[in-house]
Amino acid sequence: MKIIRTLSTALAFVALLTTVQVLAHERTISDIQAEFQSGKLTSVALVEEYYATIKKHNSDGADLRAVISLIDLDTLREQARQLDNELAAGHSRGELHGIPVLLKDNIDTADGLANTAGSYLLRDHMPPDDAFIVQRLRAAGAIIMGKANLSEWANFRSTNSASGWSSLGGLVKNPYDTSRTACGSSSGSAVAVSANFTVLAVGTETDGSLICPAAINGIVTIKPTVGLLSRDGIIPISASQDTAGPMARSVTDAVYMLDAMVGKDSADSASFAPTANYSRHLRVDGLAGKRIGVVRELMGYNQAMDAIFAERLEQLKEAGAIIVDEVKFPQGRNWGNDEFAVLLYEFNQGMTEYFAASPHTQYSSLQDLHDANIAHAETTMPWFGQELFTMALAATDKETYLTAKKSAREKAGKLAIDAAMADYDLDLLIAPSVSPAWKIDLINGDNFSGSASGAAAVAGYPHITVPMGFVEHLPVGMSFFGTAKSEPILIEAAYAFEQISQARRAPVLR
C-alpha cells in the first residue's frame with residue numbers, strides 16, 4: 001500500500017484534484033448517511049472534501065498544525081469507493097460506514113503510518129498491527145485518514161511544557177484564536193474535529209487530555225470508564241488511568257463512535273464488555289428527574305465562565321433536572337501526590353511493555369528514549385526538557401507505587417465522587433470543564449488555572465464535556481461526570497443539555 005509519511009508530501013496530492021465540492025460545515029453522521037442513501041454524496045467525495053480542507057488550513061491558511069500524517073489520497077479514494085459499492089449493493093456496516101476519522105498519533109495502525117507520540121525519535125516507528133479500537137473502527141466502516149498531532153508524549157515529558165507542541169508536528173493552534181492554546185494532549189484531534197478537518201477523531205486521556213482540548217476547542221468528548229475501550233496498541237502513560245475516547249461535534253456522533261469502538265479485549269486486563277448500546281440513551285428528556293450535583297469547588301477561576309454556567313443551570317432546571325448546589329467532596333481533592341507517583345512508575349513500566357508488543361528498531365525502554373532525547377536535543381527539546389522522563393526512571397519502588405495506587409483511586413473515587421453522590425443522593429455531578437484558552441507561551445509553559453477533570457480521571461470514572469457557551473470569542477464546556485460505568489446516565493444528561501443549549505458554533509478559518 002502506498003503511504004505518504006510526511007504531511008507536506010501528502011498534501012501535494014490534493015493539488016491533483018480538479019473538482020472538489022464545497023465542504024458542508026458541521027455535517028453530522030446522520031446528515032452524511034442520509035446524503036449517502038439519497039445519492040447526493042459519496043464517501044469518495046466526502047474524503048476529498050476533508051482532504052482539501054486539511055490542505056488549505058493545516059500548514060497554510062489558518063496554519064492549525066492539527067494533522068501529522070495522512071494516508072495518500074488514491075488509497076483513501078479506493079477504500080471509500082469500496083464502501084460506496086457496499087452501500088450500493090444494499091449493505092451498510094452501521095452509522096460509521098464511509099465516515100472519515102483521524103487518530104491521535106499515539107495509536108497503532110498497520111497501514112504504514114508511523115505511530116510517533118509526536119516525537120521526532122519515533123518518526124519511523126511502524127507498528128505490526130492495528131490497535132484493537134482501530135480494528136473495531138475499520139470493521140464498522142470508518143475510513144482512517146491519518147494521524148492527529150498532540151502534545152509530545154501526551155504531555156508527559158516536561159514539568160513546564162506548552163500543550164499542543166510536538167517535535168514532529170509543531171504547535172497545534174486553537175481555531176478560534178490561533179494565539180491561544182488548543183490544550184492537550186489530544187490537541188490535534190480536538191482541533192481537527194472543531195475546524196472540520198474530519199467528521200470524527202480519537203483522542204486519549206490520562207488526566208484531562210480529552211476533556212481540556214474538547215472544551216477549549218468547542219466540541220464534545222466522552223472519556224469512558226477505564227477499560228470500556230481497549231488500550232491495546234496505544235503508547236501509554238498510566239495503566240491505571242489511560243483511556244481512548246471519541247471526539248465529535250455533537251453528543252450523538254460521539255456516542256455512535258463510542259458504540260463502534262467498545263468490545264472486550266483479552267489483550268487489555270482492564271477491558272470489559274458494554275452492557276448495552278449507548279445510542280439508546282440519546283434521549284431528549286434525559287434531564288427530567290435527574291438529581292444533579294453542582295461541584296463549586298471545581299469553579300471560581302473565571303468569573304465570566306461561571307456566569308455562563310449559572311445561566312445554564314436555569315436551563316437544566318427548566319428541563320426537569322433537580323439541582324443540588326454546593327456539593328463537596330467530603331475529604332477535598334487530596335489525591336494529587338499519589339496520582340503523580342502512580343503516573344511516574346507506570347510510565348516507566350508501560351513503555352517497556354509497549355515496545356515489547358510494538359517493537360522499534362532502536363528503542364525498547366524509557367531509558368533509551370531519555371538518552372536519545374539528549375542526543376537529539378536540538379530537535380526534541382528546543383523549548384522545554386524531559387524532567388518527567390528523568391523522574392519516571394527514578395520511580396522504581398514497587399511498594400511505594402502500590403500504596404499510592406490504592407490511595408489515589410480510593411481518594412478520588414470512593415471518598416470523593418462516590419461519597420458525594422451518596423451523601424446527596426445524586427445521579428451525576430457537573431461543573432465547568434476548564435478555563436477559556438490561555439495565550440500560548442513556549443518559554444514559560446501552560447498558564448493552567450483549573451478544571452473538572454481530575455477526580456474522574458484518577459478514579460477511572462466516565463466524564464463528558466459539551467459546549468456551553470463563549471467567553472468573548474472562546475468556547476467553554478460543561479462537564480458531566482459520575483461513578484464507574486455510569487455512561488448511560490451521563491449520555492442522557494449531556495445529550496438533553498446539548499439539545500436545549502445549542503452552544504456549539506464553528507470557528508471561522510482564515
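Me: Buried means under 20% relative accessible area, exposed means over 50%, and partly exposed is in between (1.4 Å probe, protein chains only). With that in hand, are Phe480 and Phe497 buried or exposed?

Reply: Phe480 is buried, and Phe497 is buried too. A word on the ground rules: this is a predicted model, where local features need pLDDT of at least 70 and side-chain atom pairs count only at pLDDT 80 or more, while totals for chains, interfaces and linings use all residues. Residues are numbered from 1 along each chain as its sequence is written, and side-chain values use heavy atoms, with hydrogens and water left out.

Me: What makes two rings an aromatic pair?

Reply: Rings of Phe, Tyr and Trp (its six-membered ring) pair if their centres lie within 6.5 Å; planes under 30 degrees apart count as stacked, over 60 as edge-to-face and the rest as tilted. This rule gives 10 aromatic pairs here.

Me: Why is the pair of Phe329 and Trp335 called edge-to-face?

Reply: The ring centres of Phe329 and Trp335 are 6.1 Å apart and their planes stand at 65°.

Me: What does the pair of Phe480 and Phe497 tie together?

Reply: Phe480 belongs to strand β14 (residues 474–481) and Phe497 to helix α16 (residues 487–501), so the pair ties together parts 17 residues apart in sequence. Helices (H or I, at least four residues) and strands (E, at least two) are DSSP runs, numbered from the N terminus.

Me: Which residues form one aromatic cluster?

Reply: Trp153, Phe156, Phe347 and Phe389 make up one aromatic cluster.

Me: How do you know that a charge sits over a ring?

Reply: NZ of Lys or CZ of Arg must be within 6 Å of the ring centre and within 35 degrees of the ring normal. The charged end of Arg123 is 3.9 Å from the ring centre of Tyr120 and sits over that ring. Likewise, the charged end of Lys485 sits over the ring of Phe272, 4.3 Å from its centre.

Me: Why are α8 and α16 called roughly antiparallel?

Reply: Two packed helices are described by the angle between their axes and the distance between the axes. Axes are lines fitted to C-alpha atoms, for helices over the stretch in contact, and angles run from 0 to 180 degrees between N-to-C directions. Angles under 35 degrees count as roughly parallel, over 145 as roughly antiparallel, 65 to 115 as roughly perpendicular and the rest as oblique. The axes of α8 (residues 251–261) and α16 come within 9 Å and cross at roughly 150°. The pair is therefore roughly antiparallel.

Me: Which residues make the contact of α8 and α16?

Reply: Contact means heavy atoms within 4.5 Å. Helix α8 brings Val251, Thr252, Val255 and Leu258, and α16 brings Ile491, Ala494, Tyr495 and Glu498.

Me: And why are α9 and α16 called roughly perpendicular?

Reply: Helix α9 (residues 303–318) packs on α16 at an angle of about 110°, with axes 10 Å apart. An angle of about 110° lies in the range 65 to 115, so the two are roughly perpendicular. Arg312, Gln315 and Leu316 of α9 meet Phe497, Ile500 and Ser501 of α16.

Me: What makes α6 mostly covered?

Reply: In helix α6 (residues 187–194), eight of its eight residues are buried. The cover includes β3, β4, β7, α7 (211–216) and β9. Just after α6, Asn196 has a positive phi of about 60°.

Me: Which residues of α5 are buried?

Reply: In helix α5 (residues 132–139) they are Phe132, Ile133, Val134 and Leu137. They pack against β3 (100–104), β4 (143–148), β7 (200–205), β9 (243–248) and α8.

Me: Why does Ser451 count as buried?

Reply: Ser451 has 15% relative accessibility, which is under 20%, so it counts as buried. Ser451 sits in the loop between β12 (428–432) and α15 (454–459). Leaving aside neighbours within four places in sequence, Ser451 contacts Leu298, Tyr301, Ser433 and Val434.

Me: And why does Arg65 count as partly exposed?

Reply: Arg65 has 31% relative accessibility, between 20% and 50%, so it counts as partly exposed. Arg65 is in the loop between α3 (43–57) and β2 (67–71). Arg65 and Leu171 are 106 residues apart in sequence, yet 6.2 Å apart in space, C-alpha to C-alpha.
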